[in-house]
Amino acid sequence: MTTRPAIGHILLVDDEPAYQRLGSSFLRELGHRVSVAGDADEAIRTFEEDPAHVVLLDLAMPPRMDPEAGLDLIARFANAVVVVVSGHGERALALRAAERGAWDFLTKPIDPDMLRFVVSRALHKARLDAELRELRTRGAPGEDLGIVGQTPAAQQLRSMVRRVAGTSVNVMVLGPTGTGKELVARALHQCSGRSAGPMAVIHCGALSAELLESELFGHLKGSFTGAHRDQPGLLETAHGGTLFLDEVGEMPLPMQVKLLRFLQEGTFVPVGGRETKRADVRVVSATHRDLEGMARDGAFREDLFYRLKGVVLRLPALAERTADVPLLAAHFLHRAAPGAAFTADAQAWLAAAAWPGNVRQLRAVVESAAALIAPGSARVDAGLLRFASGESQELPEPESEPGPDSAPGHGAAPSPGALDAAIQELETRMLRDTLQACGGNQSEAARRLGISRVGLIKKLARLGLR
């Protein structure tokens with residue numbers, strides 16, 4: 001019994017008209033749908049408008065006609081199986097093509113039977129890859145995507161992330177400060193077909209317009225004071241992946257114009273450069289502000305708002321899903337101090353607290369309390385939580401396990417200076433962990449800790465961390 005060959009959409013990229021006619025005719029006779037492009041720009045534009053399953057890519061393409069330049073094109077065909085076709089049959093070139101992501105390599109002139117065989121296998125691989133992406137998008141039945149909670153709001157949010165992640169549409173995440181907008185952005189990336197690619201994060205309110213432009217678009221050596229070398233921007237480094245614009249409502253108006261141009265055309269120019277570059281990124285933005293109202297008032301470009309909007313995911317405040325507080329608190333405690341548990345009075349305190357800072361505040365309080373658990377203990381009580389939250393200025397004395405010679409209710413007195421030492425240890429741990437999570441970015445670390453950058457620098461100096 002003969003297996004019917006797979007049928008799919010093929011993009012044939014070659015600058016030779018004769019090869020375009022013969023190749024496309026042969027592939028169409030096999031039942032495939034074929035698109036044709038004669039140069040690099042046309043190939044990218046055609047693929048973006050109508051993505052193909054398989055790309056047959058000639059490496060020597062106009063305008064440079066250099067096989068090495070053709071290698072740069074491979075990464076532009078996201079989720080497609082790329083088969084490189086070249087009149088240059090060098091083994092080294094084939095290896096470099098494979099390193100860049102090509103799946104197979106054919107040398108001209110191509111035997112029709114070999115072309116039929118390779119295309120059929122490539123389509124089979126494309127279908128397997130698509131099935132894998134679909135499974136990743138759906139997620140495992142019990143997977144929470146890092147979005148902890150069982151209230152209807154949490155369940156609906158997870159469902160929306162899974163549905164939206166598999167699309168190419170831009171996503172805007174709205175919600176009060178501290179509700180986990182970056183967490184949702186990372187879940188979208190991990191569930192998408194771009195999960196194997198990079199994810200770049202930038203806080204739009206932490207940088208001036210000039211620095212923000214350099215961070216996004218990159219810069220060339222000598223373009224400004226301190227530019228000692230060429231530096232690629234986040235758009236370039238996130239190619240094939242996701243760009244997360246945190247607090248996009250804080251973006252200066254001059255940068256909004258340049259971002260809009262990129263979203264419309266997919267191109268950008270590095271600071272100090274003249275050559276236009278392309279990048280394929282999915283943009284996820286977030287803000288706690290009323291961006292639609294800002295657009296009406298002229299504080300935010302309306303055309304940019306609608307470009308970014310795509311699908312909107314709204315995150316509820318923690319006050320709107322109080323039933324999730326115990327689950328979230330237990331999750332944070334397990335990560336900070338495996339084996340520790342909350343006492344009954346601690347659980348009651350957690351449930352009664354208001355949490356105006358939302359999930360971020362809850363996490364900070366639980367992690368601080370976990371850091372102050374007495375040696376030999378595995379319990380977090382209400383007193384420890386009150387101190388960690390700032391509600392109480394007195395650190396509760398640790399309860400010692402009663403020994404055979406000790407009287408009930410009496411424990412060893414803490415050593416002099418124990419409170420100051422514990423506070424210093426907590427500050428040191430939080431500063432180190434936050435700076436590490438922010439990649440050493442002091443402005444972002446200060447924002448997450450809720451202090452000014454100057455205050456952060458002073459604390460680092462006082463604790464000997466600079």
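A: **The open sheet**

Five strands form an open sheet in the order β2-β1-β3-β4-β5, with parallel pairing. The model is predicted: local features need pLDDT of at least 70, side-chain atom pairs count only at pLDDT 80 or more, and totals for chains, interfaces and linings use all residues. Residues are numbered from 1 along each chain as its sequence is written, and side-chain values use heavy atoms, leaving out hydrogens and water.

Strands (E, at least two residues) and helices (H or I, at least four) are DSSP runs, numbered from the N terminus. Two strands pair if DSSP finds at least two bridges between them. In general, strands of a sheet pair through backbone hydrogen bonds, either parallel or antiparallel.

The sheet has β2 (33-37) and β5 (104-107) as its edge strands, each pairing on one side only. Neighbouring strands are turned by 20° against each other on average, direction ignored. Strand β1 (residues 9-13) pairs with β2 in the parallel sense over 5 bridges. There, His9 stands opposite Arg33 in β2.

Helix α1 (residues 17-29) lies across β1, β2, β3 (54-58) and β4 (81-86). Contact means heavy atoms within 4.5 Å. The helix runs at about 165° to β2. Axes are lines fitted to C-alpha atoms, for helices over the stretch in contact, and angles run from 0 to 180 degrees between N-to-C directions.

A cis peptide bond joins Lys108 to Pro109, with omega about -10°.

**Beyond the sheet**

Strand β7 (residues 199-203) has 4 of its 5 residues buried. Buried means under 20% relative accessible area, exposed over 50%, and partly exposed in between (1.4 Å probe, protein chains only). β7 pairs with strand β10 (residues 242-246) in the parallel sense over 5 bridges. Val201 stands opposite Phe244 in β10.

Now the rings. The whole structure holds 5 aromatic pairs. Rings of Phe, Tyr and Trp (its six-membered ring) pair if their centres lie within 6.5 Å; planes under 30 degrees apart are stacked, over 60 edge-to-face, and the rest tilted. Phe262 and Phe268 pair edge-to-face, at 6.3 Å centre to centre and 70° between the planes. Both residues, Phe262 and Phe268, are buried. Phe305 is buried at 4% relative accessible area, while Tyr306 is partly exposed at 44%.

Two residues carry a positive phi without being glycine. Trp355 has phi of about 55°. It lies in the loop between α14 (344-352) and α15 (358-371) and is buried at 5% relative accessible area. Asn358 has phi near 65°. This residue belongs to helix α15 and is buried at 4%.

Last, a helix pair. Helix α18 (residues 442-449) packs with helix α19 (residues 453-462) at about 95°, axes 8 Å apart. The two helices are therefore roughly perpendicular. The contact uses Gln442, Ser443, Ala445, Ala446 and Leu449 of α18, and Arg453, Leu456, Ile457 and Leu460 of α19.

Note on methods
Angles under 35 degrees count as roughly parallel, over 145 as roughly antiparallel, 65 to 115 as roughly perpendicular and the rest as oblique.
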